[in-house]
Amino acid sequence: MAVTEIVYNKAKRSLTLTFDDAFVAELSAEFLRVYSPLEQTSVKGKPKPPVSNKKLVAISAIDNVAKHGLRIQFDDQHQAVYRQVLLHEYAHNQHRLWQEYIDALAVTGYTREANIEIKQL
């Protein structure tokens with residue numbers, strides 16, 4: 001389940017991962033940002049609200065962190081280390097996880113849309 005190839009498509013804001021079992025998956029920057037390992041922990045046993053307003057987020061850097069996985073840095077200044085086993089889980093379960101995220105947004109009233117419009121010059 002190790003990642004053997006990583007390709008970031010800047011225009012699509014998506015990361016294509018190839019695993020050693022030949023499984024290939026494309027994960028959007030938004031998906032990776034809202035499912036950041038740092039965002040999945042609860043505070044004092046209370047579930048956190050879903051991460052919102054990340055529709056336009058992009059990946060600004062990807063670093064290999066030895067055996068630990070990949071450090072992904074986003075253009076909203078967030079960064080986290082994604083273990084390879086976690087990336088494998090995300091790759092295989094992204095459709096279910098994405099639907100859970102969309103459902104959580106609907107229940108809480110949060111949105112995917114960016115707070116401000118971002119234009120690249």
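Modeller: A residue counts as buried under 20% relative accessible area, as exposed over 50%, and as partly exposed in between (1.4 Å probe, protein chains only). Lys12 has a relative accessible area of 51%, so this residue is exposed. The structure is a predicted model: local features need pLDDT of at least 70, side-chain atom pairs count only at pLDDT 80 or more, and totals for chains, interfaces and linings use all residues. Residues are numbered from 1 along each chain as its sequence is written, and side-chain values use heavy atoms, with hydrogens and water left out.

Colleague: With which residue does Lys12 form a salt bridge?

Modeller: A salt bridge is a side-chain nitrogen of Lys or Arg within 4 Å of a carboxyl oxygen of Asp or Glu. Lys12 pairs in this way with Glu26, and the closest N and O atoms are 2.9 Å apart. Glu26 is partly exposed, because its relative accessible area is 35%.

Colleague: How many salt bridges does the structure hold?

Modeller: It holds six. One of them joins the side chains of Asp76 and Arg33, at 2.8 Å from N to O. This pair links distant parts of the chain, 43 residues apart: Asp76 is in the loop between β5 and β6, Arg33 in helix α1. Arg33 is buried, because its relative accessible area is 6%, whereas Asp76, at 26%, counts as partly exposed. Arg33, Asp76 and Lys54 are linked in a network of salt bridges.

Colleague: Where are Lys55 and Glu113 in the chain?

Modeller: The side chains of Lys55 and Glu113 meet in another salt bridge, 3.1 Å from N to O. Lys55 is in the loop between α1 and β4, and Glu113 in the segment after α2, 58 residues apart. Lys55 is partly exposed at 30%, and Glu113 is partly exposed at 42%.

Colleague: In which order do the three strands of the open sheet lie?

Modeller: Helices (H or I, at least four residues) and strands (E, at least two) are DSSP runs numbered from the N terminus, and two strands pair if DSSP finds at least two bridges between them. Here the order is β1-β2-β3, with antiparallel pairing. From one strand to the next, the twist averages 20°. Strand β2, residues 14–19, is joined to β3 by five bridges. Leu17 has Ala25 in β3 as its bridge partner.

Colleague: Which helix packs on the sheet?

Modeller: Contact means heavy atoms within 4.5 Å. Axes are lines fitted to C-alpha atoms, for helices over the stretch in contact, and angles run from 0 to 180 degrees between N-to-C directions. Helix α2, residues 84–108, touches β1, β2 and β3, and its direction makes about 90° with that of β3.

Colleague: Which residues touch the most other members of the largest nonpolar core?

Modeller: In soluble globular proteins, nonpolar side chains tend to be buried together. A nonpolar core is a set of buried Ala, Val, Leu, Ile, Met, Phe, Trp, Tyr and Cys residues joined through side-chain atoms within 4.5 Å. The largest core has 26 residues, of which Leu32, Ile72, Tyr82, Leu87 and Tyr90 touch the most other members. The elements giving two or more residues to this core are β2, β3, α1, β5 (69–74), β6 (79–82) and α2. With seven residues, α2 gives the most.

Colleague: Is Ser36 buried or exposed?

Modeller: Ser36 counts as buried, because its relative accessibility is 0%. Ser36 is in the loop between α1 (29–34) and β4 (59–65). A polar contact is a pair of N or O atoms within 3.5 Å; within protein, one must be able to donate a hydrogen and the other to accept it, and residues adjacent in sequence count only if both atoms are side-chain atoms. The side chain of Ser36 makes such a contact with the side chain of His78, at 2.7 Å. Apart from neighbours within four places in sequence, Ser36 is in contact with His78, Ala80 and Tyr82.

Colleague: What is the phi of Ala22?

Modeller: Ala22 has a positive phi of about 75°, although it is not a glycine. Ala22 is in the loop between β2 and β3 and is exposed, because its relative accessible area is 63%. Asn53, also not a glycine, has a positive phi of about 65°. Asn53 is in the loop between α1 and β4 and is partly exposed, at 22%.
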